[in-house]
Amino acid sequence: MKLLLRIFLSFICINYARSQVKKDSSEIEVKYNYIFVQDTLNRSSSIYEPMVLLTNGKKSIYYSENYKEAVDGFGKKLEDAMKTGNVLDPGALPRSKVKHNVYKDEIKTYISNYLGKNYYTYESPDKLNWKINNNSISTIGGYKCYKAIVEAGGKKFVAWFTYDIPISDGPYKFRGLPGLILKLNEINNYINFELISVNKKSLPIEQKKGITVTKDQYLLKREEYVNDPYQGKVNNPEYRKMVEENKRKYNNSLE
């Protein structure tokens, strides 16, 4: 009897402790319009996607708003279909062109992305050495912003950050400035992040991890996927022609 009582009390204590663990939550929600030129020889190939950054200054998650709404919406429709027997119709859900997300803690940055049906996560090795120019000033979203420049992934980026929001964070993997990044663009404007809104909001900051790889491993797997998206299931002249045409068209990347 005493043994059963000890087991019961241990169970209660464990569950109480779990209930006391606070999930990380955001202090602010920042929305950006992500503009990405897929073919650098054809600017009409640009894609546009609303992106969300949930951050508290120590941890953050960055993701596509359309992708999150599509996933959440599909889950609700599936639940409704199971309860009512109605046909599942995902046609009305938002369509996302961006499936990557970025999780940051105080030290590390993790980038996750899909290659076909496989979902990979790698730790970004990039060290961002910013050069701040406090003499270059611009107003963005009503905030006074200052210019900073950094090189990352073989590309040069210009950022505009504000001291008024002293959170060292920004879109994608960009952070490390003494204030929130409100705008950022690659020097040739092939990659742009433009502020939509900043609001105080407490939402969960949760990392969705995929298959763990290094960045080099991810880039190798990406190259394999680009060279053969169907992974050996199709191999004919029309398919090879399509693959080569897509490689020519989609010649830009964030990494």
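Start by selecting β1 (28-39) and β2 (42-55): the two strands form a hairpin with 2 residues between them. Strands here are DSSP runs of E of at least two residues, numbered from the N terminus. The model is predicted, so local features need pLDDT of at least 70 and side-chain atom pairs count only at pLDDT 80 or more, while totals for chains, interfaces and linings use all residues. Residues are numbered from 1 along each chain as its sequence is written, and side-chain values use heavy atoms, with hydrogens and water left out.

β1 and β2 pair in the antiparallel sense over 11 bridges; pairing requires at least two DSSP bridges between the strands. Pick Ile35 and you will find Tyr48 of β2 opposite.

β11 runs antiparallel to β1, joined by 9 bridges, and Phe193 in β11 is the bridge partner of Tyr34. Because 9 of its 12 residues are buried, β1 is largely enclosed by the rest of the structure. Buried means under 20% relative accessible area with a 1.4 Å probe, protein chains only.

Next, colour the largest nonpolar core, which has 42 residues. Such a core is a set of buried Ala, Val, Leu, Ile, Met, Phe, Trp, Tyr and Cys residues joined through side-chain atoms within 4.5 Å. Trp130, Tyr172, Phe174 and Phe193 have the most contacts inside it.

Zoom in on Phe174. Leaving out residues up to four places away in sequence, Phe174 touches, among others, Trp130, Phe157, Lys104, Asp169 and Phe193 (contact means heavy atoms within 4.5 Å).

Last stop: select Val52, Leu54, Ile61 and Ile205, which belong to a second, separate core of 7 residues.

Key:
Buried < 20%, exposed > 50% of the residue type's maximum accessible area, 1.4 Å probe, protein only. Helix = DSSP H or I, 4+ residues; strand = E, 2+ residues; numbered from the N terminus.
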